[in-house]
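Q: Please take a close look at one helix of this predicted model and at its surroundings. An account that connects the part to the rest of the chain would be welcome.

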Amino acid sequence: MTRLAADHLIAAGLAGAMFLAAPALQAEEMQPEQPTIGLALGSGGAGGLAHIAILQVFDDLGVEPDHISGTSIGAVIGGLYAAGLSAEEILDVFDDFGGSRIDALSGLVGADLQLTELIELSFEREAVLDSTEFLDFLGEHTEAETFEDLRMPLSVVATDYWSGETVVLREGELFTAIEASMSVPGLFAPVPHRDDQLLIDGGTSNPLPWNLLQDEYDFVIAVDVSGSRQKDPNDPPGLTDLLFTTFSIMQSSQIRHMRDYDPPDLFLEAGSADIRLLDFNRVDEIVEQAQPSAEKLREELETRLNSPAQTGP
């Protein structure tokens, strides 16, 4: 074979390969560009178990958020998910608690706190409960110990007691950050942090931190689990309900102002009306009540994921 003939043969082979590859390249070009997703999970005590229903939608669709930001129970659920647990596995974790409402956290006291206990707290202790057992239990379900071990970026929100400013934790020990974010004043002890900071529950300054994701991701989702209150003249609120529900009312006010100023792309109200702060034993009921919000998310995600990429004018 002459050199000229060989060159023609090679050229023909390359042209044929390009012809065969063209449909595949065209198909790849036609695939819609997937939007980046930021997911904010809010605080709300046991009502935050509704976040599990939201995460189940991501698992069902085979989609992962590009970044999760979480406050208090939102940091707990978001941290477990970012550490590699599926929504179903997180549900199993909370199913394992069982027992009374307070047993789900530490089992140190009964569900109803007496005034004398709060007075004793004021003079002798920083908190009613010790979160150590709860956090150790969570740690047993994942090998992740630091933020660097996570499968996706996570921002955990706490508040500096001294300055009142929001503190965003994105590095270091994962469960220390979660402990700080869920340190409800009077219920759990504050957590010392570098630079002489004393960290308390992030819900006191930023109960639903979608602002950390705005302008960074194409589709920002905020999940509000603060819930509402049902009037029942036959069951007036006790002391602890008054204290912690008042905390929730203040958080709801903050969230409303945040929505007026800079709303997320999708705002989901997944909270339940009759769930109290420590009703962790009602996980199945809480997740079930969050299904309408989960279905709303499913429809929105399916629409956005299947739509052609947006182009400029």
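A: The buried residues of α2 are H51, I52, A53, I54, L55, V57 and F58, where buried means under 20% relative accessible area, exposed means over 50%, and partly exposed lies in between (1.4 Å probe, protein chains only). Helices (H or I, at least four residues) and strands (E, at least two) are DSSP runs, numbered from the N terminus. The model is predicted, so that local features need pLDDT of at least 70 and side-chain atom pairs count only at pLDDT 80 or more, while totals for chains, interfaces and linings use all residues. Residues are numbered from 1 along each chain as its sequence is written, and side-chain values use heavy atoms, with hydrogens and water left out.

Helix α2 covers residues 51–61, and its axis comes within 8 Å of the axis of helix α10 (residues 291–306), the two crossing at roughly 35 degrees. Here axes are lines fitted to C-alpha atoms, for helices over the stretch in contact, and angles run from 0 to 180 degrees between N-to-C directions. The crossing of α2 with α10 is right-handed; a crossing is left-handed if the near helix is turned anticlockwise from the far one by less than a right angle, and right-handed if clockwise. On the α2 side, the contact is made by A53, I54, V57, F58, D60 and L61. On the α10 side, Q291, S293, A294, L297, R298, L301 and E302 take part. Contact means heavy atoms within 4.5 Å. By class, the contact of α2 with α10 has 8 nonpolar, 2 polar and 3 charged residues. In this count Ala, Val, Leu, Ile, Met, Phe, Trp, Tyr, Cys and Pro are nonpolar, Asp, Glu, Lys and Arg are charged, and the others, Gly among them, are polar. After α2 comes G62, with a positive phi near 70 degrees.

Together with F94 and I221, F58 touches the most other members of the largest nonpolar core, which has 71 residues. Such a core is a set of buried Ala, Val, Leu, Ile, Met, Phe, Trp, Tyr and Cys residues joined through side-chain atoms within 4.5 Å. Helix α3 (residues 73–82) gives the most to this core, with 7 residues. In soluble globular proteins, nonpolar side chains tend to be buried together. Leaving aside residues up to four places away in sequence, I221 touches I37, G38, L39, A40, F58, L266, L268 and L297. A second, separate core of 10 residues includes L213, Y217, V220 and A222.

Between β2 (67–71) and α3 lies the loop that holds S72. S72 is buried because its relative accessible area is 6%. Beyond four places in sequence, S72 touches S43, S181, M182 and D201. Its phi is near 55 degrees, a positive value in a residue other than glycine.

D279 counts as buried because its relative accessibility is 5%. The C-alpha atoms of D279 and G47 are 7.7 Å apart, although 232 residues separate them in sequence. L277 lies in the loop between β8 and α9 and counts as partly exposed because its relative accessibility is 23%. Its contacts, apart from residues up to four places away in sequence, are G45, A46, L187 and F244.

For the chain as a whole, there are 10 helices and 8 strands, and buried residues make up 45% of the 313 residues. Of the contacts with a separation of 6 or more, 76% join residues 24 or more positions apart. The mean pLDDT (the predictor's confidence in each residue, from 0 to 100) is 82, and 75% of the residues reach 70 or more. Over residues 104–124, pLDDT stays under 50, and the model has 37 contacts beyond four places in sequence for them. Residues 309–313 also have pLDDT under 50, with 2 contacts beyond four places in sequence.
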